[in-house]
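Hello,

Here is the structure we spoke about, for you to open and look through. My notes on what was found follow below.

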Amino acid sequence: YMKKKGIKEFYSMKYNAKDPGFYSSLGIQGKPDKEYICIGVKASNYFMPPEVLSEKGPGGGGWILMDMTLAVKTREGKVWSADEQGYARIYAVGDCNYGCVEGPGKPDDWPIPPIPKISYPGEEEAIIAIKNIEKIDKIVYKGIKTSHMGYPLAPATMHWPWGAGMFATSLGPDDACFVAGANWVKNSGLMCVWGSPCAVQKEII
């Protein structure tokens, strides 16, 4: 699509308008007449204390840290909102959270590798957080310790949501592309629908 429209693409380059050589490296003499900057995201978690916010991450950090149950935690790894029995009372789901649970090694080896900030992961995270709240309510206030099947009640842990690897991208009113099966590994995923059928698919979604 980009080549067909005569749009040049450049990858593995950092945007730096202050660098005199940046535009010349793109084949542009001087500065462009118009720029549209559509990169990155920004955290807006100013209402949370610094000890529960990440020091790094997309947009420079400031994302709410969470443990494997999606409970808010501190930078030291302690549950921030634990009650007298040690159960978490505040959870972070969707775009506000850090989007991963760090561990030793590279992101590929973390308990939860980085999750894209799109709508589906937030929905799946919300389901897990709600179920955890319901379980804790049963344990603490109703004295129920097991499920209907006899299993011990305990907060569930998060996982890397499969739906986080699906992307439907518009390329104008009559064109789009749909990628499925992507994950945290670079260049993963498969473009399985494109063109006008995908534009209709995105409209339905």
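**Salt bridges**

The structure holds four salt bridges. Please keep in mind that this is a predicted model. As background, side chains of opposite charge can pair when their charged atoms come close.

One of the salt bridges joins Glu55 to Arg75, with 3.7 Å between the closest N and O atoms. Both residues lie in the loop between H1 and H2, 20 residues apart, and the pair links distant parts of the chain. Glu55 has a relative accessible area of 64%, so it counts as exposed, the cut-off being over 50%. Arg75, at 40% relative accessibility, is partly exposed.

Another salt bridge is formed by the side chains of Glu102 and Lys56, again listed at 3.7 Å from N to O. Glu102 and Lys56 each sit in the loop between H1 and H2, so this pair ties together parts that are 46 residues apart in sequence. Glu102 is partly exposed, at 34% relative accessibility.

A further salt bridge is found between Lys131 and Glu134, at 3.7 Å from N to O. Both of these residues belong to helix H2 and are three residues apart, which is about one turn of the helix. Lys131 is partly exposed at 46% relative accessible area, and Glu134 is partly exposed at 40%.

**The sheet**

Three strands make up an open sheet, in the order S1-S2-S3, with antiparallel pairing. Strands S1 (167-170) and S3 (190-194) are at the edges and have a single partner strand each, so one side of each has no neighbour in the sheet. From one strand to the next, the twist averages 25 degrees.

S1 is joined to strand S2 (residues 176-180) by four bridges. Across this pairing, Thr169 is opposite Cys177 in S2. Helix H3 (residues 196-204) packs on the sheet and touches S1, S2 and S3. The direction of H3 makes about 90 degrees with that of S3.

**A surface patch**

Tyr15, Ile37 and Ile39 make a nonpolar surface patch of about 310 Å². Of these residues, Ile37 is in the loop between helix H1 (20-25) and helix H2 (119-141). Is Ile37 buried or exposed? Its relative accessible area is 53%, so Ile37 is exposed.

Regards

Conventions:
Residues numbered from 1 in each chain as written. Predicted model: local features only at pLDDT ≥ 70, side-chain atom pairs only at ≥ 80, totals over all residues. Heavy atoms only, no water. Pairing = 2+ DSSP bridges. Helix = DSSP H or I, 4+ residues; strand = E, 2+ residues; numbered from the N terminus. Axes fitted to C-alpha atoms, helices over the stretch in contact; angles between N-to-C directions. Contact = heavy atoms within 4.5 Å. Patch = residues over 30% accessible without salt bridge, like charges linked within 9 Å, V, L, I, M, F, W, Y side chains within 5 Å. Areas by Shrake-Rupley, 256 points an atom, 1.4 Å probe, with all protein chains shown as cover. Buried < 20%, exposed > 50% of the residue type's maximum accessible area, 1.4 Å probe, protein only.
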